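Colleague: Please take a close look at a single part of this model. I would like one connected account of it.

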Amino acid sequence: MAGAIYRKPITLAVMATVTILVGSVVTMAYPMLRADMHPKLATLKPYTALQLAGRDVYQREGCMNCHTQVVRPLPSEVARYGAYSQAGEFAYEHPFLWGSKRTGPDLAREGGLRPDAWQYDHLANPQKYVPRSNMPSYAFLKGRLLDADQVTSHLAALAVLHPELKPDPAQVKAELAGKDEADAMVAYLQQLGHAVPRRQALAADLTVENPLAHDVAAVVKGQKLFADNCAVCHGDEAKGQEGIAPSLIDDVFLEVKGDMPDAAYFAMISGGSDAKAGLGRPGLKDGGMTAFGGQLSKQDIWSIIAWLRNQKAHEAAEGDDHDAQEHR
Amino acid sequence: MNDYRYDNQTVQGFILSAIFWGVVGILVGLLISIQLWAPAANFAPYFTYGRLRVVHTNGLAFGLGAGVIFGLLLYVVMRLSGRPLVFPRLARFQLWYFNLVIAAAALSLFAGWDQSNEYAELEWPLDVAVVVLWVIFAVNVFATIIKRKEPQLYVSLWYTIATVVAIAVLYIVNNLAIPAGLGKSYHLFAGLNSANVEWWYGHNAVGFLFTTPFLAMFFYFMPKALGIPLYSHRLSILAFWSLIFGYLWTGAHHLVYTPIPDWLQTLGIVFTLFLIAPSWGSVINGYYTVGSDWSKMRTNYLAKFFVLAITFYGLQTVQGPTQALRVVSQLIHGTDWVPGHVHMGTMGWVTLTATASIYYVIPRIYGTTIYSEKVANIHFWLVLVGQLLFSVTMWITGIQQGAMWKATNPDGTLKYTFVESLVKNYPYWHTRTLAGLIFTAGMLFFVYNVLMTIRKGRALQASAPAPRASSPAPA
Ligand code: HEM
Ligand code: HEM
């Protein structure tokens, strides 16, 4: 080996720098010039002032130390979270918030997955919904009013790179009036993944019957599945929770009086609120029913329905007696 | 007026500061490890997990890591140049300024100033301060090397030079941002580029903060402490150039299966596999050096520190490339396997090398010997057990998590909910806290040993005329 450069520190430093720059240019700088690094989906919308304020809080609180925001194209991951992340979804991400550690679930498809009320409540007290969750409580976000001037200046900074974000201070002020950090966070969470269509609901064939109706083993299994997956929103006895999710054992289905057949239940559970389109009923304006199609097998879903039907019959039989007890 | 004594006090100042920030960082590590199984241990708003994890990583990378780098590399540069620092007062200023910057950095992270880029969380005012800090360091390193009395540049100096230039390039590029107020900025790059630039930086922050400077220390202090010359100069040359060439291509192995283009991922993975070669070049060089006289393992208490350190480096650099493979990444990415990997590197390789080097330097500053080899041995065994317990438990629970996330029924539906996989971690997370306690106890023995050695040295100095530290040039 030519030994001379090991006597010349400046030459050595220059050569080391050049050596370091080769890989940097090829894998870091050069890609910036390529179109495949700057894609943007036509459906991608820029952040509103409220959503951006929520994103800022997400950064400030370091939520990305526990949550990723990128769904990998693996079958199990798509089944768990929804469509895998597309390159064109991230044009407004400064920086990207993909994260590297999933102590909690991925949030790339969180938007619309849960009702607003659930998100507020869960943020303030995660253990209320998932008793063994280790997510910290973020109750302090409530009541911390947003500073419109600050958010305006943040939008203005981003507008250097994205002119369409240029804020109108008066409008920002109006949008943020009376809003606090919890409002901002929920607004941010609810738009995550908005550029990609959510899980497609299966076309509902309402003539299909429940193969497990009245099957005792299925009813028992359904009860457990319900407790694990549904009770957090619909309540332990499926009677619903105010502002979060409706009762599943009353005579109202998707806000319209009159129950629907088991197949309609199946469609809602499998496809979530997106399935409403195929059922012809309005339901809640903001939706919020999670699609369980990827997580629960068909058997599981029919078992839950069998238990729900059993529960409803049971409830009807007990009737007034039960009510009286509750009001004591 | 200048002599080694003044500069040695600066070196000692850096070492003590690094130890201080290291202890802070480790205590925060203990707290976040508890928060993961006891959410009630979060104290909003300043002390929640999301903010503290960043204090832990930055505190240890920049407080402990950079502090040790400044202190020990200035020492190495002086010895290998055969002269004191060219700008001793600048170095003293750097010491105070360093502590100020780290303190401000910690406060800013508690306050939630967070750029959300891993290992580049500090907001732009602190970034500016860090760049100034680094430039001050570079000035002394280059000036002293240029004015050296030794013609040859020893391998530790190449690694030092590469560290100085690489960190400068990496840090500045990845921290380019549009400021939006004092504590807020937005990364200059969007989406895919933001990710790609960040992991180009992130992987090389590990490379040039936790690898090259510690190789510089290893190749200087290990032969010195054991009194054995380095096995092969030629192997060092090969390993050095191929390492600093290869490292910069591999950032995309942190982005496997993300939407960045496939060619970038594949390129990153290929170079990652190549990195085994230069890494193991250093490992072999280390082993063969000690191998010329294994009896040192018995006779010299520092031998085992260095041998275990390079062993963990060797394991780390096999595990790392494996993790980059698509089939492995699928399973372990995002799980607790990765903290298992991380802490074998940080607790094993980095802190073992740093503490052994400090054990070598501190007594030499006073011309004395270590306060207690016995305490050093207790320190060694405790950190070793703590680290192994930490990594092994995380690997097990990481694989279990990954497997549960992937498990599907024949009809394509998932076998386990997310929460079922979360709950399985708890016993392992309890054990990790125990491992952390053992490791911390070990580190406290180390701190005690260092402080007592300094005390012993000061007493010596007071009773005798000021001893001039010798300036041994490399054999
Ligand atoms: C040839 C050597 C090495 C290679 C190729 C390598 C490779 C990797 C890979 C592929 C990951 C990402 C895992 C994932 O998230 O899927 C990773 C993470 C990491 N490695 Fe290594 N590793 C090497 C050596 C080291 C060493 C010596 C350290 C020293 C401390 C280290 C520290 C880390 C850290 C801190 C992370 C976590 C990054 C993060 O997600 O925040 N690695 N490494
Ligand atoms: C008592 C000893 C320690 C404990 C209990 C501890 C605990 C932890 C915990 C709980 C995490 C978060 C893991 C997760 O996200 O699930 C973490 C991450 C990390 N720690 Fe430590 N730690 C300790 C020592 C150290 C030391 C000595 C260093 C460095 C010199 C270090 C560097 C890091 C780094 C770089 C990460 C980020 C890893 C990643 O992004 O994947 N830790 N530590």
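Modeller: In chain A, 11 residues of domain 1 are in contact with 11 residues of domain 2. Contact here means heavy atoms within 4.5 Å. This is a predicted model: local features need pLDDT of at least 70, side-chain atom pairs count only at pLDDT 80 or more, and totals for chains, interfaces and linings use all residues. Residues are numbered from 1 along each chain as its sequence is written, chains are lettered from A and ligands numbered from 1 in the order written, and side-chain values use heavy atoms, without hydrogens or water.

Domain 1 of chain A covers 49-191 and domain 2 covers 216-320. Those bounds come from an automatic or database domain assignment. The C-alpha centres of the two domains lie 29 Å apart.

About 900 Å² is buried between them, with carbon and sulfur atoms giving 57%. Buried area is the accessible area (1.4 Å probe) lost when two parts are put together, summed over both. On the domain 1 side, Leu113(A), Pro115(A) and Tyr129(A) lose the most area, together 45% of what that side buries.

Two residue pairs are in polar contact, both at pLDDT 80 or more. A polar contact is a pair of N or O atoms within 3.5 Å; within protein, one must be able to donate a hydrogen and the other to accept it, and residues adjacent in sequence count only if both atoms are side-chain atoms.

Helix 3 (75-81) and helix 4 (116-124) of chain A each give two or more residues to the domain 1 side. Helices are DSSP runs (H or I, at least four residues), numbered from the N terminus. Helix 4 of chain A gives the largest share, four residues. By class, the domain 1 side has six nonpolar, one polar and four charged residues. Ala, Val, Leu, Ile, Met, Phe, Trp, Tyr, Cys and Pro count as nonpolar, Asp, Glu, Lys and Arg as charged, and the others, Gly among them, as polar.
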